[in-house]
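Hello,

Here is the structure you asked about. Please open it alongside this note.

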Amino acid sequence: MKRRTSILFLAAATALVAAAQGTSYEEFRRGMYERYNNFREGMYERYDEFLAGAWADYEVIAGQKRSTAPKPRTAPKVPDAPALTSPKEIKAPEAPAIPVIPAAPSDGSDGSDLPGMTEQPEVSQAPQAEFDFYGMTLGIPDPGLEIPRTVVDKQDLAARWRSLSKDRKARAALASLRSLASELKLNDYLTLEMVRSYVGARHASAGSASKASLAHFLLVGMGYDVRLGITGERDGVLLVPLRQEVAEHPFLKLDGRKYYIFMDRKLAKADYARTSISTCDVTSDGSLSDIDCALSDLNLPYKPHHYKVDNGTLRIEGEVNANIFPVLRRYPLMQTGDFARSTVQPQVRADIVGQLAAQLEGKPKAQAVDELLKFIQSGFDYATDEDFHGYEKPYFLEENLFYPKNDCEDRAIFYTYMLWNVLGVPNHLIAYPGHESASLVLDELPGGDSYHFEGKRYLISDPTYIGASTGQCMPDYLSTAPVIDNAY
């Protein structure tokens, strides 16, 4: 049976949260308001002219597959009696088009049916416009805004924009949603999802084009370059420019840029296969921004989930916010490096780093690296995403603390982060066809399978090759140059 968490946000509570967040929270909120103000000073007053102007049909392009190479169904193991071979110099990867993390290392579905999600009491405040957000019930002061059930044509859409722009109730909804996104520290993508959830719940009886028109108004009002699209059946869609490359999600190309299609949740998934979608010609003045899927923190209401990972040598144990996991469950399929560069719960990470640093303190660097590698290899159970989830599901680091099984990219993301932040070991997150691994700089180890990159020798250190030590590469990949997905 699905369990739902009901949480209603009160102004007083969120003010206390804001105060507790300090400078980082203020910077986050300031960025959101700057985007809004820039938009208001730019395109706001004339956007209806775009909607009333020229529209054109664009072909829908199917989302690209993230990877076609199959992953091993079980974690590969080092043979009991491996043949003795000389360490091999692996072909070096090309220079990656990714940022290298410069920070110094530290010393120390809707998802409501996920395991461990338990009921919480609802806090009441009226009048509220409530809506479901990944199993949590959010609320804003109800502005009493009503929208027409149907939208007839582009002139109707233009008239609707003009009406919303003059409607105090629409402005109130925009301000409340913008404030709620800021208080929860939602990134751009989750702000998009929150707005869609609000419109879908508050105006459930309206047609998809009418709902898309309102969502479009609210998102553009927040400073996002979201476009409005209409299918041949007059269904409304949102066309969203994502800052990251995302796989398995259909899109249009407008002026050479990808705009990903987000449809009304009541429409069947098959409706993504439209042959074309019509949208208006918008000449941006630079005041609107793309949707960024990267995460730097989330300030969702807290519900504890206890985790423990123990391989007999190293152990980590603590709590993480259970409310983050339904939010992340079907997150867009970004590149693996984008998952590695995102941070969901900074304090949880700091706690893990501190625990591991204390246990590895004083040990020789090579020994500490080996213990950390074996901890990742044996502390987690292995399963491919397809077997465990039924679909491709790269983990943010924190998700390894919730799901009982993970696969190669999840382990490699966890391992490379801890190598740098616990031990200060420079490393690469590397990809082979159908496999994610790691490499590191460790001068204490003179031999092993390695490659040279920018004057440094990187030893393969694979957290999914069970029993392998640093310097042992899976035989299948000895002749393959890896791709660098992230670098510390």
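This is a predicted model: local features need pLDDT of at least 70, side-chain atom pairs count only at pLDDT 80 or more; totals for chains, interfaces and linings use all residues.

**Helix H3**

H3 runs over residues 154–166. At 1.5 Å a residue, its 13 residues should span 18 Å. The end C-alpha atoms are 19 Å apart, which agrees. The buried residues of H3 are Leu157, Ala158, Arg160, Trp161, Leu164 and Ser165. Looking down the axis of H3, these buried residues fall within an arc of 160°, so they line one face of the helix. The background is simple: an α-helix has 3.6 residues a turn, so residues three or four places apart point the same way. The N-terminal end of H3 is capped by Asp153. There, a side-chain oxygen of Asp153 lies 3.2 Å from the backbone nitrogen of Gln155.

**Helix H12**

H12 covers residues 408–423. Its 16 residues should span 22 Å at 1.5 Å a residue, and the end C-alpha atoms are 21 Å apart, which agrees. H12 is mostly covered, with 16 of its 16 residues buried. Cys408 counts as buried because its relative accessibility is 1%, under the 20% cut-off. Just after H12 comes Gly424, with a positive phi of about 70°.

**Leu356 in H9**

Leu356 belongs to helix H9, residues 346–360. Leu356 is buried, at a relative accessible area of 0%.

**Cysteines**

How many disulfides are there? The count comes to zero. As a reminder, a disulfide is a covalent bond between the sulfur atoms of two cysteines. Cys473 has a relative accessibility of 6% and counts as buried.

**Aromatic rings**

The count of aromatic pairs comes to 20. One of them is Phe133 with Tyr134. Their ring centres are 4.8 Å apart and their planes are at 80°, so the pair is edge-to-face; the angle cut-off for that is over 60 degrees. Both Phe133 and Tyr134 are buried.

Phe388 and Tyr403 also pair. Here the centres are 6.3 Å apart and the planes are at 85°, so this pair is edge-to-face too. Phe388 lies in helix H11 (residues 385–388), and Tyr403 in the loop between H11 and strand S12 (405–406), so the pair ties together parts that are 15 residues apart in sequence. Are these two residues buried or exposed? Phe388 counts as partly exposed, at 30% relative accessibility. Tyr403 is buried, with a relative accessible area of 6%.

One aromatic cluster is formed by Tyr189, Phe262, Tyr331, Phe339 and Phe396.

**Charges over rings**

The charged end of Lys258 sits over the ring of Phe251, 4.8 Å from the ring centre. Likewise, the charged end of Arg349 sits over the ring of Tyr417, at 4.9 Å from its centre.

**Glu399**

Where is Glu399? Glu399 is in the loop between H11 and S12. Glu399 is buried, with a relative accessible area of 0%. A polar atom of its side chain lies 2.8 Å from the backbone nitrogen of Phe396. Phe396 is also a member of the aromatic cluster above.

Best wishes

How values were computed: Residues are numbered from 1 along each chain as its sequence is written. Side-chain values use heavy atoms; hydrogens and water are left out. Helices (H or I, at least four residues) and strands (E, at least two) are DSSP runs, numbered from the N terminus. The expected span of a helix is 1.5 Å times one less than its number of residues. Buried means under 20% relative accessible area, exposed over 50%, partly exposed in between (1.4 Å probe, protein chains only). The arc is that of the directions from the helix axis to the C-beta atoms. A polar contact is a pair of N or O atoms within 3.5 Å; within protein, one must be able to donate a hydrogen and the other to accept it, and residues adjacent in sequence count only if both atoms are side-chain atoms. A disulfide is a pair of cysteine sulfur atoms within 2.5 Å. Rings of Phe, Tyr and Trp (its six-membered ring) pair if their centres lie within 6.5 Å; planes under 30 degrees apart count as stacked, over 60 as edge-to-face and the rest as tilted. A charge sits over a ring if NZ of Lys or CZ of Arg is within 6 Å of the ring centre and within 35 degrees of the ring normal.
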